[in-house]
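The exercises below are meant to be worked through with the sequence and the 3D view side by side. Try each task before reading the solution that follows it.

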Amino acid sequence: RQEAAARAASGLGGSACAALVLVGFHPGTTIGTVAQVAGVTHSVAVRLVEGLEQAGLLVRAPGGDDKRKVALRLTPAGTALRRSILAARAAVLCDSLAAVPPDMADAFRGVVEAMLERVTVGRQSADHICRLCDEGVCPAETCPVECASVRQAAPQ
């Protein structure tokens, strides 16, 4: 429902929505990172970025020292559309959470966190799970998916 709401709010596909959310929170992101997070091949991500650029939603710039890399940034129109995507996603989430009685909210949160930790099987998985998340609302230090990914990557 969240991805469908994001697509409806933006008129874009799910991967394009994920790209806008990602680039908006991490300006300078590369096409390779967009591919990983969106769960598409690099060549598909290149075409996706080209389409978003042609639509006036993002721009590409040189990616620093490595001339092969391209840094992505949202345009004002891309920023506005990203806000619409996140608002549509939040509305679906709020509607779903309205079914949870207040006296069960803490228990529910614990169950959801445990489930999210269980389905996180590494960095790429974590990035894909959170592809439409509002990282301003769910910061990395408290996100169960991010925390699980960091724990898994830690040397044993």
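**Exercise 1. Find how the axes of α3 and α4 are placed, and which residues meet there.**

Solution. Begin with the two axes, each a line fitted to C-alpha atoms over the stretch in contact, with angles from 0 to 180 degrees between N-to-C directions: those of α3 and α4 come within 8 Å and cross at roughly 110°. That angle makes α3 roughly perpendicular to α4, since 65 to 115 degrees counts as roughly perpendicular, under 35 as roughly parallel, over 145 as roughly antiparallel and the rest as oblique. Next, list the partners in contact, meaning heavy atoms within 4.5 Å: from α3 come Ile31, Gly32, Val34 and Ala35, and from α4 come His42, Ala45, Val46, Leu48 and Val49. Sorting this contact by class gives 7 nonpolar, 2 polar and no charged residues, where Ala, Val, Leu, Ile, Met, Phe, Trp, Tyr, Cys and Pro count as nonpolar, Asp, Glu, Lys and Arg as charged, and the others, Gly among them, as polar.

Before going on, note that this is a predicted model, in which local features need pLDDT of at least 70 and side-chain atom pairs count only at pLDDT 80 or more, while totals for chains, interfaces and linings use all residues. Residues are numbered from 1 along each chain as its sequence is written, and side-chain values use heavy atoms, with hydrogens and water left out.

**Exercise 2. Name the buried residues of helix α3 and the elements they pack against.**

Solution. Buried means under 20% relative accessible area, exposed over 50%, and partly exposed in between, with a 1.4 Å probe and protein chains only. In α3 (residues 31–38), the buried residues are Ile31, Val34, Ala35, Val37 and Ala38. They pack against α2, α4 (42–54), β1 (58–62), β2 (70–74) and α7 (123–129). Just after α3, Gly39 takes a positive phi of about 75°.

**Exercise 3. Describe the packing of α2 with α5.**

Solution. Helix α2 (residues 14–25) and helix α5 (residues 76–97) pack at an angle of about 110°, their axes being 9 Å apart, which makes α2 roughly perpendicular to α5. The contact joins Cys17, Leu20, Val21, Gly24 and Phe25 of α2 to Leu81, Arg82, Ile85 and Leu86 of α5. By class, these residues divide into 7 nonpolar, 1 polar and 1 charged.

**Exercise 4. Describe the packing of α6 with α8.**

Solution. The axes of helix α6 (residues 105–119) and helix α8 (residues 144–153) come within 8 Å and cross at roughly 40°, an angle that makes α6 oblique to α8. On the α6 side the contact is made by Glu113, Leu116 and Glu117, and on the α8 side by Pro144, Val145, Ala148, Arg151 and Gln152. This contact has 4 nonpolar, 1 polar and 3 charged residues.

**Exercise 5. Summarise the chain by its elements and its buried share.**

Solution. The chain has 8 helices and 2 strands, where helices (H or I, at least four residues) and strands (E, at least two) are DSSP runs numbered from the N terminus. From that terminus on, the order is α-α-α-α-β-β-α-α-α-α. Of the 156 residues, 31% count as buried.
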